[in-house]
Amino acid sequence: MNIYITNIYNLGGVATKSQNLVTSVAKKLGIEEIRVPYLNYEPEERNELSKRVDGILTGVKPGDTIIYQSPTWNDPNFDIFFMNKLIGIGGFGGLNIIFFIHDVRPMMFPMEQGDMSTYIQMFNIANSLVVASENMAEYLKEQGVTTPMTIQHLWDADKEMVFQKMPELKNQINFVGNDAKFMISKNFPINCDTRLELYGKKNDEMVEAENINYHGFLNEYDLLHELRKGGFGLIWSEDEDTKEYMKYCNSYKMSTYLRAGIPLIVHKSISCMELIEKEHLGIGVDSLEEAVDVVNAMTEEEYGRYIKALDEFKFKIENACFTKKALVDSIHKSFLR
């Protein structure tokens, strides 16, 4: 019996990074990679698509296990076609199918909510699922998913980052991401001493203020070293749809802040709030105004306790502990169904 994991290519962005990470960890566990193309919504005739998927699945035999990283960001019809091909290998039950769910598109995009029933059907075909959070597991169960689930909890990394200095308490909040999407600068208090340091794509509507600084894109190494200088890492959105989805998903940028070893500031409704509190990784607030108040009130002693906890937690992130456990547990559950 062989175990395979799909990995998207020809896409780019965080979606590719996250699938590459899971694939890299899986390979270290002896799992083989199957590359799946991103077709950029280009229509393909059924015969051509059939040939393409047959080529992807060359060598897969009845009794094997397939870990399908979802979504592929192709049209949902591609995923349906792929699942039908898997079922067709040796008949129903001929393959052990696991969905490693990064995101659920109908939960992300209101315009795709009509496709939810399709995803529920695909998830119920599987023997096991990996889902982002307890909240997502509960939501999917409410929608009719009956497949056993493993909780991922956090994105992590696959390599160690060594720093020479410890972070310092600063009246500073760092945000990594697209300001146009998350609308941080528009809503950040500008009549205060707390600085907002923005790392990401500049946009025409970005608010300019004395306490808002824009740094643009930095490569991973430089970004982590800049963040390591201190302050706090913000995971936030003022866009209501995105804020709602953050109750269920895992934010990839969270692992960036955790690897830099700086405390998190998150909305109290975020999916992993319980873990953040338990491990003393950061603070939950209800507004950006409250975030500023928390930063202003922080003492050196309190900040030091966060840094100590984060320094110990960093080992788990940089050794891909969450990904390894999710993969192993999901494979185990899939054989129990």
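Is F82 buried or exposed? Select F82 first: in this predicted model, its relative accessibility is 0%, so F82 counts as buried.

Now show the aromatic rings. The model holds ten aromatic pairs. One of them joins F78 and F82: the ring centres are 6.0 Å apart, and the planes make an angle of 40°, a tilted arrangement.

Next, look for charges over rings. Select R35 and Y9: R35 lies over the face of Y9, 4.1 Å from the ring centre. Then select K253 and F182, where the charged end of the lysine sits over the ring at 4.3 Å from its centre.

Switch to a cartoon view for the sheet. Six strands form an open sheet with parallel pairing, in the order β9-β8-β7-β10-β11-β12. The edges are β9 (212-214) and β12 (282-285); each has a single partner strand, so one side of each has no neighbour in the sheet. On average, neighbouring strands are turned by 30° against each other, direction ignored.

Within the sheet, pick β10 (residues 230-235) and β11 (residues 264-267), parallel strands joined by three bridges. Here G233 stands opposite L264 in β11.

Finish with helix α11 (residues 252-260), which lies across β7 (168-176), β10 and β11. Helix α11 runs at about 170° to β10.

Technical notes: Residues are numbered from 1 along each chain as its sequence is written. This is a predicted model: local features need pLDDT of at least 70, side-chain atom pairs count only at pLDDT 80 or more; totals for chains, interfaces and linings use all residues. Side-chain values use heavy atoms; hydrogens and water are left out. Rings of Phe, Tyr and Trp (its six-membered ring) pair if their centres lie within 6.5 Å; planes under 30 degrees apart count as stacked, over 60 as edge-to-face and the rest as tilted. Buried means under 20% relative accessible area, exposed over 50%, partly exposed in between (1.4 Å probe, protein chains only). A charge sits over a ring if NZ of Lys or CZ of Arg is within 6 Å of the ring centre and within 35 degrees of the ring normal. Two strands pair if DSSP finds at least two bridges between them. Helices (H or I, at least four residues) and strands (E, at least two) are DSSP runs, numbered from the N terminus. Axes are lines fitted to C-alpha atoms, for helices over the stretch in contact, and angles run from 0 to 180 degrees between N-to-C directions. Contact means heavy atoms within 4.5 Å.
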